[in-house]
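Welcome! Please open the model in your viewer and get ready to select a few charged side chains with me.

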Amino acid sequence: SATGTLSVSVAPRSGVCIFCRDSSPSIVVTAPDIKTITVSSGSVSLDNVRTETVDITVQHGYVSGILSGHDATLSLDSSSGRLELALESLALDVRSGNISLEGAVARAQLKSRSSSINAESLHIKDAHVDAENSYVHVNVKGQLITDNDDASTIENVGTRADVSSSQDEKQ
């Protein structure tokens, strides 16, 4: 459309069909600079997407592929994914899902609610990890700030990181 929005849906079936199978549309979009990707009850595969700033939201779905650029915001709700990243800044919010990340990020803000984030293969310079009822595995080399409840585990496999807890700052 003129607004730069592509909407795709599967038409509902009318009547009874015994031997029918639901189909998943496969769509290839080539665009000069994608700013927003929203997926609901589906999956998206990023094939070497390069963009300055992108906001990706996935609900009840799956995201995979390679993403590079300056800033990325990724929100997963009851979803999962596997991404290779090359970014300056990443803001990740995972709710009731899981994601595996690899590559390199200068700054990361990771928020996990009843989820799992495996970023052991993602080289991060500085990070703030906020976890509630979650498991977060990171590879931070610089400063790591953590905020987690008793039901969460945050593990850093980085060779050296200045670790502080926001709980320490509140006292």
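Begin by selecting Asp-130 and Arg-113: both are buried (buried means under 20% relative accessible area, exposed over 50%, and partly exposed in between, with a 1.4 Å probe and protein chains only). These two form a salt bridge, with the closest N and O atoms 3.0 Å apart; the term stands for a side-chain nitrogen of Lys or Arg within 4 Å of a carboxyl oxygen of Asp or Glu. Asp-130 lies in strand β6 (residues 116–132) and Arg-113 in strand β5, so the pair ties together parts 17 residues apart in sequence. Strands (E, at least two residues) are DSSP runs, numbered from the N terminus.

A word on the model: it is predicted, so local features need pLDDT of at least 70 and side-chain atom pairs count only at pLDDT 80 or more, while totals for chains, interfaces and linings use all residues. Residues are numbered from 1 along each chain as its sequence is written, and side-chain values use heavy atoms, leaving out hydrogens and water.

Next, select Glu-88 and Arg-107, whose side chains meet in a salt bridge (3.9 Å, N to O). This pair links distant parts of the chain, with Glu-88 in strand β4 (residues 80–95) and Arg-107 in strand β5 (residues 98–113). Glu-88 is partly exposed at 36% relative accessibility, and Arg-107 is partly exposed at 41%.

For the last stop, pick Arg-50 and Glu-52, a salt bridge with its closest N and O atoms 4.0 Å apart. Arg-50 is exposed at 54%, whereas Glu-52 is partly exposed at 42%.

Conventions. Helices (H or I, at least four residues) and strands (E, at least two) are DSSP runs, numbered from the N terminus.
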